Amino acid sequence: MIKFDPIWLTLKLAFGTTLILFIVAVPLANWLSGKRNIFKTVIEAIVSMPLVLPPTVIGFYLLLAFSPANGFGKWLEQWLNVRLVFSFGGLLIASVIYSLPFMVHPIRSGLSSLPPSLKEAAYSLGKTKWQTLLKVLLPNIKPSLLTAIVLSFAHTVGEFGVVLMIGGNMPGKTRTASIAIYDEVETFNYYNANVYAGILLVLSFTTLLILYSFNRKTQQQGFY
Amino acid sequence: MIEFSLNKTLHTAEGEMQLNVSARIESGKFVSLYGASGSGKTSLLRMLAGFMKPENGYIKVNETVWFDGAKKINAEPQHRKIGFVFQDYALFPNMNVRENISFALKKNESKEIVDELLELSGLSNLAARKIQALSGGQQQRVALARAIVKKPSVLLLDEPLSAVDSGMRAQLQGTLAEMHKRFGLTTILVSHNSDEIIRLSDTVFHLGNGKFQQLAAPAAFFLHSFTPGTLTGTIVAIEDNGNAVVLIDDRMIRIDVSVKKLQINDKVEITCDPAGVSIIRS
């Protein structure tokens, strides 16, 4: 009997990660799109690290950081009574870090493509930086926002290495669809692996299809 | 009253240049900034708006200090009570005409002025249109109306009419003059166009080598800056009665050249004085 827990867990993780990332990435991308300085360049390099590092490397370091045997993990357990390693919370934090560039980069390049006069015009009309971002800048980069959301979502759905390192393979708790596929293949349950893989395939195709149809529509409307 | 004295090192195509300007502009006046490209006109406008920080000096508007290098005061653009019309208009594509104009107003503020500005700019029937569906001239009107809606202490215009054709330009100059008068604005316009400056402004500030070279009434300024021999043209036709048709830029004039032996394609220099138009050199 096939269990759908891994699919629900994957969706829960992907939605949670995307939501947290969106809230974190918008101010970060806005800050990065402003005037350049050396500090920003360093932060930008850190944000982009998951693009080039093997997921197992990030997973390994996060495992060390979250482990109750070490400083940060110990502090979390002693003071907040939170254990991140092999838990859904740990998985969520790891996913946010791992998918950060997929959310930050499209929003940042969308904001950089806007003429600077748009921002200055809003300032001259008495609007604060925050009001300008919410009412002028973000509404004019809708295609970039959607690209960022869809890519982060899809990337989290497809996560494997980081999830395995941080979460292990605990049914109902940390076993996501991509890990369930690996598990089923290991035990020669090809039928179950096929069902999970098929669902992921359809999910990924549908999200990308929605993205491209929306972007075509907004391009016709003449947004930036 | 606007008073300023500003210093700033500008990086231009020809290298570094020191901008060092000071002036005093009475409230309600219309001032034009005139000068070659790269002379610092737009930079000066941006410093007044708060988009660019001067190295030192001060800006005082109606006894309020907007910038003081010595006291380290530098008011944000949001707190300067300015209206700014950008060269590219910078209208918000996600809003329609009415939303663009009323954007500056707070929720509880009266929207009466928006209707008045729509009416004055001839945009009433386009109020619900998206910005992308407007012509260049219409966009320019929206940009002007949007800059005026908060009744700014200073209206700053950065070559706002440079992208529209000459017919539309004349119409827009009319609208601009009317708005300036009706709302009692103090306006600073950056322009290359002598015709526009003469038509609209009370004073022209000539910016050259980083300094104000001359402050004068526009007509007198352009009359004095005109020197004989500056108009050069090419003879494109010689008529039977001895008159030559001379092409100067994209205009043609007819001059009596019967006394001179001239041919088609000859380059000529022309002077205009009370006695008429004559060729001084060929």
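Student: How many helices and strands does chain B have?

Tutor: Chain B has seven helices and 16 strands, where DSSP runs numbered from the N terminus count as helices (H or I, at least four residues) or strands (E, at least two). This is a predicted model, in which local features need pLDDT of at least 70 and side-chain atom pairs pLDDT 80 or more, while totals for chains, interfaces and linings use all residues. Residues are numbered from 1 along each chain as its sequence is written, and chains are lettered from A in the order in which they are written.

Student: What percentage of chain B counts as buried?

Tutor: A residue is buried if 20 or more other C-beta atoms, placed from the backbone, lie within 10 Å of its own. In chain B that holds for 37% of the 282 residues, and the C-alpha trace spans about 75 × 50 × 30 Å along its principal axes.

Student: How many residues of each chain are in contact across the two?

Tutor: Contact means C-beta atoms, placed from the backbone, within 7 Å. Here 16 residues of chain A meet 17 of chain B. Helix 6 (residues 116–124) gives the most to chain A's side, with six residues.

Student: And which residues have the most contacts inside the largest nonpolar core?

Tutor: A nonpolar core joins buried Ala, Val, Leu, Ile, Met, Phe, Trp, Tyr and Cys residues through C-beta atoms within 7 Å. The largest has 110 residues, with Ala25(A), Ile166(A), Leu48(B) and Leu156(B) having the most contacts inside it. Helix 5 (residues 88–113) of chain A gives the most to this core, ten residues. A second, separate core of eight residues includes Ile235(B) and Val246(B).

Terms used:
Buried ≥ 20, exposed ≤ 12 C-beta atoms within 10 Å, placed from the backbone.
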